[in-house]
Amino acid sequence: VTQCCFLMVHPLFFWFWSFHPRMALALCLQVLCSLCGWLSLYISFCHLNKHRSYEWSCRLVTFTHGVLSIGLSAYIGFIDGPWPFTHPGSPNTPLQVHVLCLTLGYFIFDLGWCIYFRSEGALMLAHHTLSILGIIMALVLGESGTEVNAVLFGSEITNPLLQMRWFLRETGHYHSFTGDVVDFLFVALFTGVRIGVGARLLFCEMISPTPKWFVKVGGVAMYGVSWCFMFNIWRFAWKKSIKKYHAWRSRWSEERQLKHNGHLKTH
């Protein structure tokens with residue numbers, strides 16, 4: 001799927017550069033500035049956290065991008081408009097273009113970091129690649145920024161929780177009430193927003209005659225990746241729930257023995 005999307009974006013980009021060189025140059029400069037900004041932030045975090053790993057600094061950048069992109073994409077979707085469920089394929093607004101360029105620079109940085117440090121599997125690399133190609137398609141076409149922005153909001157809404165979970169594990173605070181709350185919110189938001197609301201958005205995209213067919217193919221691919229993540233998340237949630245249940249049963253059994261016998265049974 002990634003190769004198919006690349007083959008569709010490649011000629012589009014050179015067509016765009018041939019007929020709109022000044023606009024293409026302006027977009028490239030915005031993306032380059034974004035990339036340099038995220039890279040500079042990463043280097044700053046590395047200097048401030050010399051006693052920490054490189055992944056710690058990278059996840060701080062990821063957390064920062066997640067919070068920023070959630071706020072910007074929410075403002076675009078809920079306030080600035082247009083509404084993605086009723087206007088898919090509409091022309092990009094200037095604010096949408098700026099946010100997409102900002103996010104594209106981040107995804108390029110993060111994909112490069114993941115490849116260099118070999119920190120992620122094929123599924124996450126496919127997600128980053130599809131995100132990059134989807135944003136490039138929207139920028140080159142000058143349309144569909146509305147639904148791409150909505151996908152960005154849905155994809156990033158769980159990102160800060162995912163990073164918080166990692167930081168809790170690194171600092172030894174994951175096995176606590178806070179860790180349970182973070183996991184619950186992550187699973188609930190992923191299921192409700194990326195799977196539930198995402199299905200509604202994909203349906204509106206598919207029945208609308210406005211978006212290009214290859215934009216719809218990209219939407220199907222991104223939603224498929226979300227389901228792959230969902231299977232892994234549900235499997236993790238089930239295992240953790242079973243483990244919590246057995247721990248509760250064991251603790252309850254011990255408390256019952258203490259209540260009736262006044263001491264624990266020893267072997």
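Q: How many helices and strands are there in the protein?
A: There are nine helices and zero strands, where helices are DSSP runs of H or I with at least four residues, strands are E runs with at least two, and numbering starts at the N terminus. Keep in mind that this is a predicted model, where local features need pLDDT of at least 70, side-chain atom pairs count only at pLDDT 80 or more, and totals for chains, interfaces and linings use all residues. Residues are numbered from 1 along each chain as its sequence is written, and side-chain values use heavy atoms, with hydrogens and water left out.

Q: What describes two packed helices?
A: The angle between their axes and the distance between the axes. Here, α2 (residues 21-48) and α4 (residues 94-117) pack at about 50°, axes 8 Å apart. Axes are lines fitted to C-alpha atoms, for helices over the stretch in contact, and angles run from 0 to 180 degrees between N-to-C directions.

Q: Which residues make the contact?
A: Contact means heavy atoms within 4.5 Å. Leu27, Trp38 and Tyr42 are among those from α2, and α4 brings residues including Val97, Phe109 and Phe117.

Q: How many residues of each class does the contact of α2 with α4 have?
A: It has 15 nonpolar, four polar and no charged residues. Nonpolar covers Ala, Val, Leu, Ile, Met, Phe, Trp, Tyr, Cys and Pro; charged covers Asp, Glu, Lys and Arg; the others, Gly among them, are polar.

Q: What share of the protein is buried?
A: Buried residues make up 43% of the 267, buried being under 20% relative accessible area with a 1.4 Å probe, protein chains only.

Terms used:
Buried < 20%, exposed > 50% of the residue type's maximum accessible area, 1.4 Å probe, protein only.
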